[in-house]
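Here are my notes on the model, as numbered points.

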Amino acid sequence: MIRIAICDDILTHCKIAEEKINSYFSGKALACSIDIYSSGAALLESGVSYDLLIMDIALGKENGMDTARKYTSGRCTRVILLSSHREELPNGYKIGAFRFLIKPIDNEALTEALDSALEALDRDRWLTCLDDNGRECRVYLPEILYIEAGHRKCCVRTVTGTYDCLSGIQKISSELHSPDFFQTHKSYIVNMNYIHAFGKQELLLVGEERIPVSRYNRERFRDAYKNYVKRRVD
């Protein structure tokens with residue numbers, strides 16, 4: 001399922017965009033869920049990670065581009081900006097917007113933007129997880145702090161929340177084709193991007209969470225972390 005947020009302070013515009021997006025996905029073998037926000041503040045306060053954000057630039061007293069910049073920090077969300085003014089286009093590229101659509105939304109332009117966004121999302125690295133409501137969702141690897149094995153499922157801790165993954169930790173480990181992740185313990189996989197400090201027996205992550213390191217994995221972890229640092233420097 002693709003999770004989409006529409007942020008526009010004019011409800012009529014939100015409904016039109018929602019109708020067009022639902023029409024697009026009706027011809028796909030892929031489901032989508034759409035949430036509507038009437039303000040940037042409400043979107044930022046939601047804490048929900050979306051695959052795609054349809055953001056209007058003019059949000060009353062708020063600036064949609066500022067909101068999009070804040071929201072996408074630390075997330076892999078693709079942003080499609082909306083505006084009635086073509087001259088805003090260069091500013092959209094400054095924040096890394098995926099597409100810029102002029103209002104009223106042209107069906108052909110929207111189709112191209114959504115087609116391209118889905119292709120880009122498929123290229124991103126992610127895990128299939130369950131949210132608090134038991135709905136299937138994508139959790140992108142750069143957002144993951146660590147993965148902890150549990151009874152018949154794993155807990156995936158991210159920068160914005162916690163999700164369940166029904167795969168076992170060994171299966172997840174074998175499918176994480178990313179050098180940024182390391183299994184420090186039979187029950188833990190950690191994203192080295194979030195390591196603040198480490199000792200012989202545990203890691204301290206950003207946010208003060210502590211992850212154990214087994215005796216068997218100590219030297220292997222040190223080697224992996226040295227390589228990680230070298231990659232970042234290079």
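1. Leaving aside neighbours within four places in sequence, Ile-54 is in contact (heavy atoms within 4.5 Å) with Ile-4, Ala-5, Ile-6, Cys-7, Ile-21, Ile-80 and Leu-82. The model is predicted, with local features needing pLDDT of at least 70, side-chain atom pairs counting only at pLDDT 80 or more, and totals for chains, interfaces and linings using all residues. Residues are numbered from 1 along each chain as its sequence is written, and side-chain values use heavy atoms, with hydrogens and water left out.

2. Ile-54 is also one of the residues with the most contacts inside the largest nonpolar core, together with Ile-4, Ile-21 and Phe-25; this core has 26 residues. A nonpolar core here is a set of buried Ala, Val, Leu, Ile, Met, Phe, Trp, Tyr and Cys residues joined through side-chain atoms within 4.5 Å. Buried means under 20% relative accessible area, exposed over 50%, and partly exposed in between, with a 1.4 Å probe and protein chains only.

3. Which elements supply this core with at least two residues each? They are E1, H1, E2, E3, E6 and helix H5 (107-123). H5 gives the largest share, seven residues. Helices (H or I, at least four residues) and strands (E, at least two) are DSSP runs, numbered from the N terminus.

4. Another core, of 18 residues, lies apart from the largest one; among its members are Val-48, Ile-57, Val-79 and Ile-95.

5. The open sheet has five strands in the order E2-E1-E3-E6-E7, with parallel pairing. Two strands pair if DSSP finds at least two bridges between them. Strands E2 (32-37) and E7 (99-102) are at the edges, each pairing on one side only. E1 (residues 2-7) is joined to E2 by six bridges, and Ala-5 has Asp-35 as its bridge partner in E2.

6. Helix H1 (residues 11-26) packs on the sheet, touching E1, E2 and strand E3 (52-56), and its direction makes about 175° with that of E2. For helix H3 (residues 64-72), the strands touched are E3 and E6 (78-83), and the angle with E3 is about 160°. Axes are lines fitted to C-alpha atoms, for helices over the stretch in contact, and angles run from 0 to 180 degrees between N-to-C directions.

7. The buried residues of H1 are Cys-14, Ala-17, Glu-18, Ile-21, Tyr-24 and Phe-25. They lie on the same side of H1 because they cover an arc of only 125° around the axis, taken from the directions from the helix axis to the C-beta atoms. Thr-12, Glu-19 and Ser-26 are exposed on the other side of H1.
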